[in-house]
Amino acid sequence: MKSIKRYYSVELLRYLAAIAVLIVHYKHFFFPFFSNSELNHLKYQNLQPFYNSLKYFYEFGFYGVPMFWTISGFVFAHVYLNKKTNFKEFFYNRLGRLYPLHLLTLLIVLFLQI
């Protein structure tokens with residue numbers, strides 16, 4: 001079987017983009033900024049946990065979404081460009097990779113909500 005060349009620097013960038021998105025979403029759930037709070041999370045960003053260390057993630061993390069999707073598109077093209085596959089096989093591979101984690105997360109959140 002032919003091994004696929006991995007681009008570790010690209011994978012690292014994709015990882016950092018995903019972390020940036022997580023941090024940006026976290027600030028909406030941080031205690032002082034919950035939905036009924038009078039505080040504005042944009043005005044008082046410096047109250048976020050580890051703000052000095054994660055400043056750029058808090059301020060520019062929203063750029064992580066287009067960056068993540070672009071890198072993911074590159075990875076898809078790299079993996080599937082010269083590979084003979086049909087839609088059914090591609091769809092099955094994507095569901096098999098994404099939905100176990102999705103369902104696990106859904107069950108954990110459901111349990112925590114109860």
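Phe87 and Phe91 both sit in helix H4, 4 residues apart, which is about one turn of the helix. Helices here are DSSP runs of H or I with at least four residues, strands are runs of E with at least two, and both are numbered from the N terminus. This is a predicted model, where local features need pLDDT of at least 70 and side-chain atom pairs count only at pLDDT 80 or more, while totals for chains, interfaces and linings use all residues. Residues are numbered from 1 along each chain as its sequence is written, and side-chain values use heavy atoms, with hydrogens and water left out.

The structure holds 9 aromatic pairs. One of them joins Phe87 and Phe91, whose rings are stacked at 5.8 Å centre to centre with 20° between the planes. Rings of Phe, Tyr and Trp (its six-membered ring) pair if their centres lie within 6.5 Å; planes under 30 degrees apart count as stacked, over 60 as edge-to-face and the rest as tilted. Elsewhere, ring pairs link Phe76, Tyr80 and Phe90 into a cluster.

Phe87 is exposed because its relative accessible area is 64%, whereas Phe91 is partly exposed at 44%. The cut-offs are under 20% relative accessible area for buried and over 50% for exposed, with partly exposed in between (1.4 Å probe, protein chains only).

Phe87 and Phe91 belong to a nonpolar surface patch together with Leu95, Leu98, Tyr99, Leu103 and Leu106, and the accessible area of the patch is about 720 Å². Patches are made of residues with over 30% relative accessible area and no salt bridge; like charges are joined within 9 Å, and nonpolar side chains (Val, Leu, Ile, Met, Phe, Trp, Tyr) within 5 Å. Leu98, one of the patch residues, is placed in helix H4, which covers residues 87-113. Its relative accessible area is 47%, so Leu98 is partly exposed.

## The chain as a whole

The protein chain has 4 helices and 0 strands, and its elements run α-α-α-α from the N terminus on. Of its 114 residues, 19% are buried. The accessible surface comes to about 9900 Å², with 68% of it belonging to carbon and sulfur atoms. Accessible areas come from the Shrake-Rupley method with a 1.4 Å probe, and for residues only the protein chains shown count as cover.

Among contacts with a separation of 6 or more, 52% are between residues 24 or more positions apart. A contact means heavy atoms within 4.5 Å.

## Helix H1 and what covers it

The buried residues of H1 are Arg14, Ala17, Ala20, Val21, Ile23 and Val24, and their cover includes helix H2 (51-60) and H3.

Ala18 also lies in H1, but this residue counts as partly exposed because its relative accessibility is 30%. The C-alpha atoms of Ala18 and Phe68 are 6.6 Å apart in space, although 50 residues separate them in sequence. Another such pair is Val79 and Lys5, 74 residues apart along the chain with their C-alpha atoms separated by 9.0 Å. Val79 lies in helix H3 (residues 64-80) and is partly exposed, with 25% relative accessibility.

## The salt bridge

Side chains of opposite charge can pair when their charged atoms come close. A search of the whole structure finds 1 salt bridge, defined as a side-chain nitrogen of Lys or Arg within 4 Å of a carboxyl oxygen of Asp or Glu. Its partners are Arg14 and Glu11, with the closest N and O atoms 3.2 Å apart.

Arg14 and Glu11 both lie in helix H1 (residues 8-26), 3 residues apart, about one turn of the helix. Arg14 counts as buried because its relative accessibility is 18%, while Glu11 is partly exposed at 23%.
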